[in-house]
Amino acid sequence: MAFPVIDAKQLVKQVTTSDHELTILDGVSLTVNEGESLALVGVSGAGKSTLMTLLAGLDVPTGGEVHFLGRRIDTLDDESRAAIRADSVGFVFQNFLLVPSLTALENVVLPATIRGDEEDWGRARQLLEEVGLNGREHHRPDQLSGGEQQRVALARAFMTRPKVLFADEPTGNLDQHTAAKVIELLFALNRDHGTTLVMVTHDPRLADRCDRKLVLDSGRSPGRPYE
Ligand SMILES: Nc1ncnc2c1ncn2[C@@H]1O[C@H](COP(=O)(O)OP(=O)(O)OP(=O)(O)O)[C@@H](O)[C@H]1O
Ligand SMILES: [Mg+2]
């Protein structure tokens with residue numbers, strides 16, 4: 001039976017800016033089952049990144065509910081949500097969020113360190129090789145190109161074999177060849193480890209590879225995710 005890894009109900013996200021209240025998400029519901037891949041698509045400003053931060057427990061909604069691995073997380077405090085993320089979630093963000101003072105290799109190992117796992121340098125090296133970065137292990141982020149930094153972020157997200165991987169434009173800054181390799185890596189993780197994938201993408205090839213797509217339009221999703 002399909003097990004819902006993420007179940008979001010009527011999510012609303014409002015923020016107060018200096019002069020008015022802005023509704024970024026206006027009643028978005030979705031379910032992602034274990035082992036599925038979901039593409040969040042829609043024009044710039046539609047609310048895709050905002051939705052992903054709520055599904056991943058990085059932020060909490062103004063209204064609605066988020067259930068993650070069977071547990072309601074939108075009512076939990078920051079610390080409890082951080083513990084769930086460290087245990088079960090991998091991230092690849094638009095702005096990478098690499099630690100500037102650490103080398104590529106050290107950045108990849110970091111999630112294992114944070115989680116208290118043994119630091120598996122062999123696995124970290126292998127992941128860097130898989131994203132085409134052998135020879136760059138000891139470079140710091142400021143010594144890498146944007147696309148190379150993005151690949152370090154991907155290798156880092158794979159490090160702890162997360163149950164759910166959230167990726168915001170994972171191929172956004174990459175050339176075609178590297179993008180194709182990264183897509184293969186994402187789906188290999190999905191196939192070999194049953195990792196559930198939730199990704200934001202403007203890349204139709206990547207969206208088409210996903211089991212389902214959810215279209216966001218001005219903070220609304222017209223209906224359920226479709227096949
Ligand atoms: N903290 C905030 N305060 C005010 N407005 C915000 C905030 N966060 C997001 N927004 C606005 O909400 C809308 C949705 O933002 P979001 O980043 O989720 O869009 P997106 O679909 O990911 O776009 P893109 O494809 O350009 O990354 C945008 O208009 C953005 O300006
Ligand atoms: Mg975005």
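**Exercise 1. Helix 5 and helix 6**

Task: In this predicted model, find how helix 5 (residues 146-158) and helix 6 (residues 176-193) are oriented to each other, and which residues of the two helices meet.

Solution.
- Step 1. The axes of helix 5 and helix 6 lie 12 Å apart, and the packing angle is about 10°.
- Step 2. Angles under 35 degrees count as roughly parallel. Helix 5 is therefore roughly parallel to helix 6.
- Step 3. On the side of helix 5, the residues in contact are R151, L154 and F158; they meet T178, V182, L185, L186 and L189 of helix 6.
- Step 4. Sorted by class, this contact of helix 5 with helix 6 contains six nonpolar residues, one polar and one charged.

**Exercise 2. Helix 3 and helix 4**

Task: Describe the crossing of helix 3 (residues 104-115) and helix 4 (residues 121-130), including its handedness.

Solution.
- Step 1. The two axes come within 9 Å and cross at roughly 120°.
- Step 2. Roughly perpendicular covers 65 to 115 degrees, and roughly antiparallel starts over 145. Helix 3 and helix 4 are therefore oblique to each other.
- Step 3. The crossing of helix 3 past helix 4 is right-handed.
- Step 4. Helix 3 contributes A104, L105, E106, V108 and V109 to the contact, and helix 4 contributes W121, A124, R125, L127 and L128.
- Step 5. Of these contact residues, eight are nonpolar and two are charged, with no polar ones.

**Exercise 3. An aromatic pair**

Task: State how many aromatic pairs are counted, and how the rings of F91 and F166 are arranged.

Solution.
- Step 1. The count is one aromatic pair.
- Step 2. F91 and F166 form a pair with 6.1 Å centre to centre and 20° between the planes. Planes under 30 degrees apart count as stacked, and the pair of F91 and F166 is stacked.
- Step 3. F91 belongs to strand 6 (residues 89-92) and F166 to strand 7 (residues 164-168). The two residues are 75 residues apart, and the pair links distant parts of the chain.
- Step 4. Both F91 and F166 are buried.

**Exercise 4. The surroundings of T53**

Task: Locate T53, decide whether T53 is buried, partly exposed or exposed, and list what T53 touches beyond four places in sequence.

Solution.
- Step 1. T53 sits in helix 1 (residues 48-55).
- Step 2. Buried means under 20% relative accessible area, and exposed means over 50%. T53 has 23% relative accessibility, so T53 counts as partly exposed.
- Step 3. Leaving aside residues up to four places away in sequence, T53 touches L58 and D59.
- Step 4. T53 and L165 are 112 residues apart along the chain, and their C-alpha atoms are separated by 12 Å.

Conventions
Residues numbered from 1 in each chain as written. Chains lettered and ligands numbered in written order. Predicted model: local features only at pLDDT ≥ 70, side-chain atom pairs only at ≥ 80, totals over all residues. Heavy atoms only, no water. Axes fitted to C-alpha atoms, helices over the stretch in contact; angles between N-to-C directions. Helix = DSSP H or I, 4+ residues; strand = E, 2+ residues; numbered from the N terminus. Left-handed = near helix turned anticlockwise from the far one by under 90°. Contact = heavy atoms within 4.5 Å. Nonpolar A, V, L, I, M, F, W, Y, C, P; charged D, E, K, R; others polar. Phe/Tyr/Trp six-rings, centres within 6.5 Å; stacked < 30°, edge-to-face > 60°. Buried < 20%, exposed > 50% of the residue type's maximum accessible area, 1.4 Å probe, protein only.
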